[in-house]
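Please look at the structure below together with its sequence. The paragraphs after it lead from the whole chain to a few single residues.

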Amino acid sequence: MTSTPPPTPPFTPPPTHPTRPDLRGTFGMVASTHWLASASAQSVLERGGNAFDAAVAGAFVLHVVEPHLNGPGGDMTAVLTTAAEPGRPRVLVGQGPAPAGATIAHYRDVEGLDLVPGSGALAAAVPGAVEAWLLLLRDHGTWTVADVLAPALGYARDGHPVLAAVCRTIEGVSGLFRDHWTTSADRWLPGGRAPREGELVTNPELAAVLGRLGAAEADAASSGADRAAAVDAARGAWRAVVGEAAAEFVRTPHRHADGRDHAGVLTAADVAGFEASFEDAATVDFRGYTVAKTAAWGQGPALLEALRILDGLDDARLDPSTELGAHTVLEALKLALADRDAWYGDGDVPLDALLSEEYAAARRALIGDRASHDVRPGQVPGRPAPSLPPLRTEYATDVPAAALPGAPTGGAAAGVGEPTVAVPAAAPLNGDGLQTDATGATRGDTCHLDVVDRWGNMISATPSGGWLQSSPTVPGLGFALGTRLQMTWLDESSPSRLEPGRRPRTTLTPTLVLRDGAPVLACGSPGGDQQDQWQLTFLLRVLVGGYTPQEAIDAPALHTTSAPGSFWPRTWTPGGAVVEDRLGADVLAGLAERGHVLTLAGDWALGRLSAVTRDPATGVVGAAANPRGGQGYAAGR
C-alpha cells in the first residue's frame, strides 16, 4: 500500500538553496538590518533581558552604526505583544507631530513653498524615536537606561567600523556639507574627506547625550525614585537636551531641498510637549491568521486592505513569482495605495469601512487583465468624495540644479528608500539598495528590527528619520533632525495636511501576525512606500505559499510606483512597476504585455525584510534576514 503524498503548495517552489539558513532555537531570536544591532540585542537576551530590553539596545546601536538610515532625531513605530497579553497586539507610537509653528500659511505664504521640502528643518516633526524607546523600556522592559544604552554609547565613544554605504552617502552629499551644512561637514568630513569603509568612526557628541540620559536616571534612582520614575527622568533629560539645542540651531536659515535657505520652526516647547504612547493595533483576518498594523495615521492599513482584496481570490492567483500573481498583487496594491493617499491621515479615517469585506469585494472587482494607469480611490458610504493629492509625473523647480547637489531633474524615482536627497529617475540601484547617480547623490533608506524571547514577548520595530543627510547636524548633539513632515500636504482639504499637533502620515509600518490568539511572526522592512508592498509578497509566500521566512525573503521582489510618492518631490509613474530580474524573462514579458511600465532593478536589489517567528505549541523560535546589501543579520539560539 502506498502512502498519500503531501499536498503540493500552490506557489512556485522556492529556490533549492536559500542564501542563509532559517535560524531555529528555543531561547531567543533577533533579526535586523545591521549585524552589530542584532548581536547587541542578542547579548541582552543572553544576560537575562527580555525582548523589549533587547530591542531598545539594538535600536540605539542602529542610530550609531546606520546614521544614513536613522538617527535619534527621527521617529519609529513598533507593533508588539507581551507574554502577559499575547493576544493583544499593541502599537508603540514614536511618530512625533508637527510643531506649533508648522502651519500651511507659514510654509505657503511666508516661505513660498508648494510642497514641504525633503530636507532641512522645515521638514522636521517633533523627534519621537528616543522618547518611544524609553517608554517601551519603562513599561515593558526590565533593564536600566544606562545598561541598554551601553552598547550604543560604546560604539559612539570608541568607534565602529563604518559601512561602505555610509561612506558613499557622505561622499554623495559632501558638496552640500562643505558649501551649506558646515556643521555636518565638521561631523562627517574630518580632515576634509568622507570616511573609508572599515575605518573606525566615532560620535563623541552623541555619546555625551546618551551618557546624560543614563546619568539622569541614576541621579533619580539615588534620590529614591522607583524604576519607572527613574526612566522618566531620562526621558525628561532627553527632551531638555534636544529641545534647547535644536530650537536654537534651526533659527538660523539653512539650505533646504528646494534649493533655498529657510529657518526651521521647531521649538523647545514642541519637544517638551511630546510623549510617546501605546494604542491598539488595526487588524484583519487573512487565511486563518490575524495581521496587525498601525492605524491610518501610518500607511500600515494599506497592507491590510490589500490582504482583504486578495483574500477573495484563489491561492494560485496570489503567487508573486508568476505573471498572473505578480499582476494581481500589483493591481491590488494600486487600489490600496490609492485609498491610502485619499483617506489616510491623523484624524477621522473611516478605517472600518475601508477594511470591510463589502468594500474589499468592490475593490477586487476593479482588478482586470490589464495594468491600471489611474489612481482609483474608493467611495465610502456617507462620506464626501475623497480628495486626491496632486498627480505629478515631474516636479519642476526654477532653482538651478547646482544650487543643491543631488536635487531632482524631473521624473519619478524608481528605486527604494526614504529620500532626503533625491536623484534622477533613471538612476540605477547599487548593491546596498540605495540609488546613486553619476555624481554619487543618494536616496536613503531606513532600518528594521525584530525580537522574540523565550517567554513569548515579540516586537517588530521600524526606526527611521534623522538621517545624516536629512538636515544640518545639530551642534552639541551629533545628529540631525528628521524630515517626516514632507509626507504632509499644504492643502487644507487633505486628510494628511500639515497642521500643528497632527502626525504626518508616516510610511513606517512594522507587522505582527497572530494565529489562534498567539503571536507567530514579526516582520518588516525599510523602503518608504515599498515597505508594505515587499511585506505583502513576503506574507503571501509564507502564509499561503508554504515558504519558510528565509525562502520568502530571498524570493524575487517587486513593487508599484503607480501611486504618488510619500517623499519629496512626490511624483509618480502611471502603471509603473519595479521588479527584480530574477522573476524571469517570461514573467516580465507577460507583465509588459499587460501594460505594466517596468523598471528592471537587477537580480538582488529590492526588499530589506527581516523576521522572527515563534511556535506557541512548542516554544521554538526562529529568525531570518535579508542578504541584499550584505548588511542585515539574524542571530539567536
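Predicted model: local features only at pLDDT ≥ 70, side-chain atom pairs only at ≥ 80, totals over all residues.

Residues are numbered from 1 along each chain as its sequence is written, and side-chain values use heavy atoms, with hydrogens and water left out. The mean pLDDT (the predictor's confidence in each residue, from 0 to 100) of the protein is 91, and 91% of its residues reach 70 or more. Over residues 1-7 the pLDDT is below 50, and beyond near neighbours in sequence this stretch has 0 contacts in the model, a contact being heavy atoms within 4.5 Å. Residues 399-443 also have a pLDDT below 50, but for this stretch the model shows 146 contacts beyond near neighbours in sequence.

The protein has 18 helices and 23 strands, where helices (H or I, at least four residues) and strands (E, at least two) are DSSP runs numbered from the N terminus. Its radius of gyration, taken over C-alpha atoms, is 23 Å, close to the 26 Å that the globule rule (2.2 Å times the number of residues to the power 0.38) gives for 637 residues, so the protein is as compact as a globular protein of that length. Of the 637 residues, 65% count as buried, which is to say under 20% relative accessible area, with exposed being over 50% and partly exposed in between (1.4 Å probe, protein chains only). Among the contacts with a separation of 6 or more, 73% come from residues 24 or more positions apart.

Leaving aside residues up to four places away in sequence, T328 touches L310, L313, R317 and I367.

Most residues other than glycine have a negative phi, and most peptide bonds are trans. The peptide bond from W568 to P569, however, is cis, with omega near 10°, and P569 lies in the loop between β18 (558-560) and β19 (576-579). R570 is placed in the loop between β18 and β19; R570 has a positive phi of about 65° although it is not a glycine, and it is buried, at a relative accessible area of 2%. R287, in the loop between β10 (282-286) and β11 (289-293), has a positive phi of about 50° without being a glycine, and R287 is partly exposed, with a relative accessible area of 25%.
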